[in-house]
Amino acid sequence: MHYIRFCRPPVVEQGRSGLKTLKLVLTITTDLSDKFLCPHEPIQFSIIGAGAPANPQNGPVPINLTPKNPPTWRAGMRVLKVDVQLPPQPIETVQVRPTNRQLAALTTDDISSGTGAGLILPVFADLAPGPTSHICFRSLRLPGGTATLQVEEEMGESMARHVWDGGLTTASFVASMVLGQTAANSTSTMASLPILANILQQNDGPLNIMELGCGVGILGLGVARILGVSSQATAEKSTLLMTDLPDAEERTLANIARSADQTACTVMYENLDWNDGKDGIFGPEVTSRAWDLVILSDCTYNDLLPELVKTLSAVHAHSAQHSGPSKTKILLSTKPRHSDEQVFFDLMSEDGWSIQEEVKLPLPVLNDEAQTVEVYLFSKS
């Protein structure tokens, strides 16, 4: 799919007339920023502001800021500059999204339904100046329409601090599986991975879930948010621990804080280097309990696959020592990008892991070859 991105923080300029102008510089690329959107027909975009409500319980008030000549993206473009005149009332947040609803990914259902919707992911930014002005965020409504999943990412081209296809698609898939009475493919989704569905629906009680290589946290926070919506009472007893290298800590902690009042699970972060994990060297949070499920997405594209597999096996061994026979399962999602990724599956097999369930999820793609995200559930005897 494609992502609308801010090339730089939005700027608000004060004119001589007293009116303010919002200046945006946008681009539309893939998750790795390696290909610009190249539509067959021009695509118009809407600029939506949000102001403070008179009654905070009513939520933000949407205000259409789209100019008379809507910003339009055409084939061959790399950057789109937009000037927007702001109304007198304060605007706290700005959103950029396709005007055509069929093209916009506004809900997790748009991404997981397989209907061809959800092709372009909108972007949001808070307009308050300060140290977080380089931060934007993504927001998707969960099935049922009463709850949202929000995740911050950094503006610009830093791939390590962006949402990626695998995590986004898998979070949407899990939403369909656990909450998906409204999702078109909820029945087939649950049928495709019944063991995973049983785990996530918490039929056996509270869960301990760990995420490896969490990045900005789209998958882990998505799972935590979804479990809370599904069964808040049970989720309150569940734990989700997100792990990555120190470079990811600041953004992950910020996302945990952003979701703190919306996530019933206990959500934590701890640094974990797979070079330590392969030898069973873990921090206090990892060693504090046995883990029912280890989740990871978009992690099979690096040179540390042997270390990753050994870390997974070390977590399994730790869980066995902590609570007897280990039931730890691994949920992996990946968007196949290169044949070298097959090495991961070979290493998993050599280390005693086997695939219990798998499914290929269609990725919404506009004017490009069909793409999929593959989801696997591994177990180890």
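Mentor: Start just after helix α10, where Gly-352 takes a positive phi of about 95°. Keep in mind that this is a predicted model.

Trainee: Which residues of helix α10 are buried?

Mentor: In α10, spanning residues 342-350, the buried ones are Phe-344, Phe-345, Leu-347 and Met-348. They share one side of α10, because they cover an arc of only 160° around the axis.

Trainee: What covers the buried residues of α10?

Mentor: The cover includes helix α9 (305-323). It also includes strands β17 (329-334), β18 (353-363) and β19 (371-380).

Trainee: How is a pair of aromatic rings described?

Mentor: By the distance of the centres and the angle of the planes. This structure holds seven aromatic pairs. One of them joins Phe-344 and Phe-345, edge-to-face, at 5.5 Å centre to centre and 85° between the planes. Phe-344 also pairs edge-to-face with Phe-378, at 6.2 Å and 85°. Phe-344 lies in α10 and Phe-378 in β19, so this pair ties together parts 34 residues apart in sequence. Both Phe-344 and Phe-378 are buried.

Trainee: Which residues form one aromatic cluster with Phe-344?

Mentor: Phe-345, Tyr-376 and Phe-378.

Trainee: Where does the charged end of Arg-258 sit?

Mentor: Over the ring of Phe-137, 4.4 Å from its centre. Likewise, the charged end of Arg-337 sits over the ring of Tyr-301, 5.0 Å from its centre.

Methods: Residues numbered from 1 in each chain as written. Predicted model: local features only at pLDDT ≥ 70, side-chain atom pairs only at ≥ 80, totals over all residues. Heavy atoms only, no water. Buried < 20%, exposed > 50% of the residue type's maximum accessible area, 1.4 Å probe, protein only. Helix = DSSP H or I, 4+ residues; strand = E, 2+ residues; numbered from the N terminus. Arc of directions from axis to C-beta. Contact = heavy atoms within 4.5 Å. Phe/Tyr/Trp six-rings, centres within 6.5 Å; stacked < 30°, edge-to-face > 60°. Lys NZ or Arg CZ within 6 Å of the ring centre and 35° of its normal.
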